[in-house]
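Please keep the sequence and the 3D view at hand.

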Amino acid sequence: MATTAQPPTTPNDYSSVTKTLDLLAPRWSVWVLMTLSSQPLRYAEIKPRLPWLADGQLHPRLRHLTNAGVVERTEYAPRHVTYGLTGRGAELLPVLAVIASWGDTHLEKQLVTSKATGELEPERIPQAQNIDDTITLIAPRHATPILVTLQARGQASAKALATEAMPGYGLTAVYKPLDRLVADGLVTVTGSGDFQLSASGQALAPVFQAIATWAVLPSAGADPLRRPGTAPSQTRSGTWATTPTRLPAPAIPAASSAGPALAATTPPPDGPAWKSSDLFSHQIPARPITPAGGPRR
């Protein structure tokens, strides 16, 4: 039987979390943030670290993050411009670490043969890709209110979710986002037809808490958040993401003269210890597409 306790999260909290996810969701935004996590860089220094991005992709990401107040553009001369994290952007790094941890633990992974043991083991996924793929699951419209409502209630009917998580929408509108969350393995259907979080969905609590804390409680003097305008196969493991939002990246090797930008300096005490291997642990894969049309992560 569904409980009736009201969710502690208010519509304003939903809005702040959703705005943060909107900031991070555009593809490659997280990769750019992590590339700038060590020090400010010029465009010509960023480009070799993200070689699969065309000029037409990198410039919009930098502009998007600058408009959002998490990246700062500093012009020293007409042809000398650097990009670096603002104080607000630096405060976002621990949040990214929480998201990456969830993705590494709960998202499905290809099982590959270990060179050391010859046995199958989960492939190693870059931190930035874990973050991107996690955001793919929780950023779609209405996903956050539904997940947080279920976390507060334990169980809820579709009618209760439509009323509390999607006020102003009719009952039928709740089924599409619910079906997606069930297909992605974050929500399950009970024997009585109610909905509840899966173990992976329950484990998202620290992710939403970290995002909400960053969005709602900025530190004094920081820039305010500005809004920019099927079942897995036998060789996969973890949550099966079916939400299609990203196309696979071309497998272009990085220039040998330009290493990742994440190992140059010591991270702040409260920040994540990003390492070169975390962001670029392997060449960006061409992720296969399932017959149903969704990405495998």
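**Core, helix packing and strands**

The largest nonpolar core holds 67 residues, and those touching the most other members are Leu24, Leu36, Val70, Leu92, Ile138, Ile146 and Leu147. The model is a predicted one. In soluble globular proteins, nonpolar side chains tend to be buried together.

Beyond its neighbours within four places in sequence, leucine 24 is in contact with Ser29, Val30, Leu33, Leu92, Leu96, Ile99 and Ile135. Two of these partners, Leu92 and Ile99, also belong to the helix 5 side of the contact with helix 11.

Helix 5 covers residues 87–106 and helix 11 covers residues 205–216; their axes lie 9 Å apart and form an angle of about 170°. Because angles over 145 degrees count as roughly antiparallel, helix 5 and helix 11 are roughly antiparallel to each other. From helix 5, the residues Arg88, Glu91, Leu92, Val95, Val98, Ile99 and Trp102 meet Pro206, Val207, Ala210, Ile211, Trp214 and Ala215 of helix 11. By class, this contact consists of 11 nonpolar, no polar and 2 charged residues.

Helix 7 (residues 143–153) and helix 9 (residues 175–183) have axes that come within 10 Å and cross at roughly 70°. Helix 7 and helix 9 are therefore roughly perpendicular to each other. Here Ala143, Ile146 and Leu147 of helix 7 meet Pro177, Leu178, Arg180 and Leu181 of helix 9. The contact of helix 7 with helix 9 has 6 nonpolar, no polar and 1 charged residues. Ile146 and Leu147 were named above among the core residues that touch the most other members.

Strand 1 runs antiparallel to strand 3 (residues 80–85), and 2 bridges join them. Across from arginine 42 stands threonine 82 in strand 3.

Strand 4 (residues 109–113) and strand 5 (residues 120–122) also run antiparallel and are joined by 3 bridges. Valine 112 has glutamate 121 in strand 5 as its bridge partner. Strand 4 and strand 5 form a hairpin with 6 residues between the strands, where glycine 118 takes a positive phi near 80°.

Terms used
Residues numbered from 1 in each chain as written. Heavy atoms only, no water. Axes fitted to C-alpha atoms, helices over the stretch in contact; angles between N-to-C directions. Helix = DSSP H or I, 4+ residues; strand = E, 2+ residues; numbered from the N terminus. Parallel < 35°, antiparallel > 145°, perpendicular 65-115°, else oblique. Contact = heavy atoms within 4.5 Å. Nonpolar A, V, L, I, M, F, W, Y, C, P; charged D, E, K, R; others polar. Core = buried A, V, L, I, M, F, W, Y, C linked by side-chain atoms within 4.5 Å. Buried < 20%, exposed > 50% of the residue type's maximum accessible area, 1.4 Å probe, protein only. Pairing = 2+ DSSP bridges.
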